[in-house]
Every structure is written in structure tokens, then in C-alpha cells.
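Student: I have a model open and would like to go through it with you. Where shall we begin?

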Amino acid sequence: MSNLTLTQLVKTYGQTEVLHSIDLEIEDGEFVVLVGPSGCGKSTTLRLIAGLEEATSGTIEIGGKVVNNLEPKERNIAMVFQNYAIYPHMSVRKNIGFGLRSSKMAKADKEKRIDEIAEILGMTDLLSRKPNQLSGGQRQRVAIGRAIVRDPQVFLFDEPLSNLDAALRVQTRLEIAKLHRRMDATMIYVTHDQVEAMTLADRIVVLNAGNVEQFGSPLELYHRPQNLFVATFIGSPTMNIVAGTLAGASNGDAEVKVANGSVLHAKVDASNMSGGTDVKVGMRPEHLSLCAVDDGETFRGSIDVIEELGESFLAHVDVGEGERIIVRGDGTARVKEGETVGIRFRPEDGHVFSASGAALPRTSPDAFPESGAPTLN
């Protein structure tokens, strides 16, 4: 078993507490991504799991065994760093096999294991090369190979793609995803890139200032953020947020009046809140659509900027009172910068957040399926 449990994990440096009682239960074979802004505690959490830092309090269990007092080499984990950490004077074969240097395996078995890992990583033809003869993505694969050659219980990745260019990031990300499916191993991956988190993870841990804001599947975090921080951190471009006051609530529908005078309806349960309460309404850019003025729009505004992306476009619309809204449309934009447009918004796509930032419960039944995947017709 390679499950991992963190219980009330705390880390302080002097008088500063950087991790605040972290509780996580990671299942055997899961790919879990820790994501959050710089300084949120994600790398510190990874280093505590690896044994490179000592926890101030709390427990770390790997495979049902408390490992707080074990040295890193005794925890049966492997870690891949962002700077590759491979030996420039060694060949790919020797770099991959370095993890077996203290193993009691016979030499022939070690060579067989190295060949198996090279085949998994698509590096069989590169085993005799030195690191300076490899691309950045190939060097990172060598570092991954050295980690997996020992068959550890848990793999730890600390921003392994941050030194690669955009094309290599995508390619290596796909290779890591395929590697996880092939090995069915427990992997914990740290990144500041929420796109990496969404595309790789079985579940995502969103950290902020040393606290777990939410732990769930990528689609759960995207469609049902528990608070304003998660709503604005997950998604690119970010969720539109408009400040307003609650004008009424009934039958699972909230009516919110915003600063420019527009009245928004959102399918959320605001029955425990009184009228006049300050709230914020969240709207994903792809859930909005442009329309002609006086054609049933929710907002009306002037387009500041249009970003053409090829398969879609982003329209940045000034709706007055200092509020700007991003609308994502399919294909090529049929509107121009400076044009006055309307914006439509469906109540079932809305999110409402209280003054504390907590999300009000969604009441729309089809906003996000509880389980299963969409079927093909």
C-alpha cells in the first residue's frame, strides 16, 4: 500500500508558522497536485513528506507507517526536482542506474531494470549519451528515470517542468501523465501552474498562506469552488467577479443588484442571508455570451480589448462603475474594440460568495454532475 496521510501537520520557522494544521488523505495510486501562489507552502509540504524538513508537529504516514523520525532514504520515496539534478559526467544509463547503487540486486538484474525504465521513458537509444547531448525534456526524463528505477512507494515532483519551454512543458506533461497510468503509482506533484494541475491530477490540493482551501477533483474545483480564492485561482482566464448587494432570495434563486444598476439572478441558496447583504457574483468567461444591445442582455458595456486566440476569442468589456468582464466566444470575433454590446448570463451558471469569501450552495441540478462522464451520442 502506498497511501499517504498528513494529520494536523504544522511547520514553523522561528515565530512564523508557514503550514497551519494540514490534513490530507491521499489514496494508493492517486496523482495529487499541490497548487497555489508563491509562498503558499506547497514545496514545504513536499519537503516534509520527503524528510528534507522536520515537521514542527503532526504526523506523516506512508503506507500506514508513521515516518516522522525516519531519514529520507528510509521512507521509500523518490523525488524529482525542477533543476534535473543529474550528473554531467555520467551517461544516461549510469544516471538512471545511480538509484540502484546501494541495492543488493545482481548486476545483470540492475542492467535489466535500467533497460526497462529506458523503454518506459522512450530513451533506449539515448542510454550512452551524456546530459550535455540531451534536450531539456530529455534531461528531465533522465531525472524521472533515476527516481522510478528503485520502485519507491511514493513519487514526489517539485515543479519539474518549470525550466522547460512551452512546447517541452506540454510534451513532458503528457509523458508524466502516461507514466502514471502505466505504473499506477502514488504521485504528489507541486506546481504554481493551475493548467498543469487541471490536466494531470486525479485530485488537486489548493493551498493559500499555509492553509488547504479545497481538496477535490479538477472539475469539482472548477465548477464548485468552495470559496472566492479557489474560484479565482482555478481557471484561465480567471472567473469574473462583480460586487453587489443581495436584493432577494427565494426558491433556490438569489437576486443581486450590482454597482452599475444591473440585476443578476443566480441559482444559489441565499435563504439564510438578509436583503442588503454585501455579496460577490462569479461568472466564468465561457458562460457569458455577447449579444446586441436591447436583446435581453444582463450587462451592457463597451469592448476595451479583443484577444484573438484562433479557436476562440476573449472580449474585455467595460460595464461601468470600474467593473470589467471577460467574455470567451467561439471562433473569430464579430465585434470590434470600442463597440457597445450586451452580455447575457444564465442564472444556473452563476456563483455567489458571501463577504467572508465562502461560496453559497449551488441549486442548479445540472451545473456539475456528481459522478460519471458525459456519454457520446
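Student: Which residues of H1 are buried?

Tutor: They are Lys42, Thr44, Thr45, Leu46, Leu48, Ile49 and Ala50.

Student: And what follows H1?

Tutor: Gly51 follows H1, and its phi is positive, near 90°.

Student: What does Glu53 contact, leaving aside its neighbours within four places in sequence?

Tutor: Glu53 is in contact with Lys11, Tyr13, Arg47 and Leu48. With Tyr13 there is a side-chain polar contact of 3.4 Å.

Student: Why is Glu53 counted as partly exposed?

Tutor: Its relative accessible area is 21%. The buried class ends under 20% and the exposed class begins over 50%, so a value between them is called partly exposed.

Student: Let us step back. How many helices and strands does the chain have?

Tutor: The chain has eight helices and 20 strands. Its C-alpha atoms fill a box of roughly 80 × 45 × 45 Å along the principal axes. Of the 377 residues, 47% are buried.

Student: What share of the contacts joins residues at least 24 apart?

Tutor: The share is 65%, taken among contacts between residues at least 6 apart in sequence.

Student: What is Tyr189 in contact with, beyond four places in sequence?

Tutor: The contacts of Tyr189 include Phe31, Val32, Val33 and Leu34. Phe157, Pro160, Leu161, Ile176, Glu196 and Leu200 are also among them.

Student: Where is Ala333, and is it buried or exposed?

Tutor: Ala333 is in the loop between S18 and strand S19 (340-345). With a relative accessibility of 14%, Ala333 counts as buried, because the cut-off for that class is under 20%. Beyond four places in sequence, Ala333 touches Ile306, Glu308 and Phe313. Its C-alpha atom is separated by 35 Å from that of Ala358, 25 residues away along the chain.

Student: Changing topic: what is the volume of the largest pocket?

Tutor: The volume is about 640 Å³. The pocket is lined by 24 residues, and Ile77, Ala78, Met79, Arg101 and Arg150 are the closest to its centre.

Student: Which elements give two or more residues to that lining?

Tutor: Those elements are strand S6 (77-80) and H4. S6 supplies the largest share, four residues.

Student: What about backbone geometry? Where is there a cis peptide bond?

Tutor: A cis peptide bond, with omega about 0°, joins Ser236 and Pro237. Pro237 is placed in the loop between helix H8 (228-233) and strand S11 (240-250). For context, most peptide bonds are trans, and most residues other than glycine have a negative phi.

Student: Which way does phi go at Asp151, positive or negative?

Tutor: Phi of Asp151 is positive, near 55°. Asp151 occupies the loop between H4 and strand S7 (154-158), and its relative accessibility of 52% makes it exposed.

Student: And what is phi at Glu321?

Tutor: Phi of Glu321 is near 55°, a positive value. Glu321 is in the loop between strand S17 (312-320) and strand S18 (323-330). Its relative accessible area is 61%, so Glu321 is exposed.

Student: Finally, what is the average pLDDT of the chain?

Tutor: The average is 90, and 96% of the residues score at least 70. Over residues 371-375, however, pLDDT stays under 50, and the model has zero contacts there beyond four places in sequence. Where pLDDT is low, the predicted coordinates should not be read in detail.

Note on methods
Residues are numbered from 1 along each chain as its sequence is written. Side-chain values use heavy atoms; hydrogens and water are left out. Buried means under 20% relative accessible area, exposed over 50%, partly exposed in between (1.4 Å probe, protein chains only). Contact means heavy atoms within 4.5 Å. A polar contact is a pair of N or O atoms within 3.5 Å; within protein, one must be able to donate a hydrogen and the other to accept it, and residues adjacent in sequence count only if both atoms are side-chain atoms. pLDDT is the predictor's confidence in each residue, from 0 to 100. On a 1 Å grid over the protein atoms alone, a cavity is a set of points where a 1.4 Å probe fits but cannot get out, and a pocket is an open set with protein on both sides within 12 Å along at least five of seven lines; lining residues have an atom within 4 Å of a point. Grid points are joined across faces, edges and corners, and a volume is the space filled by probe spheres set on the points.
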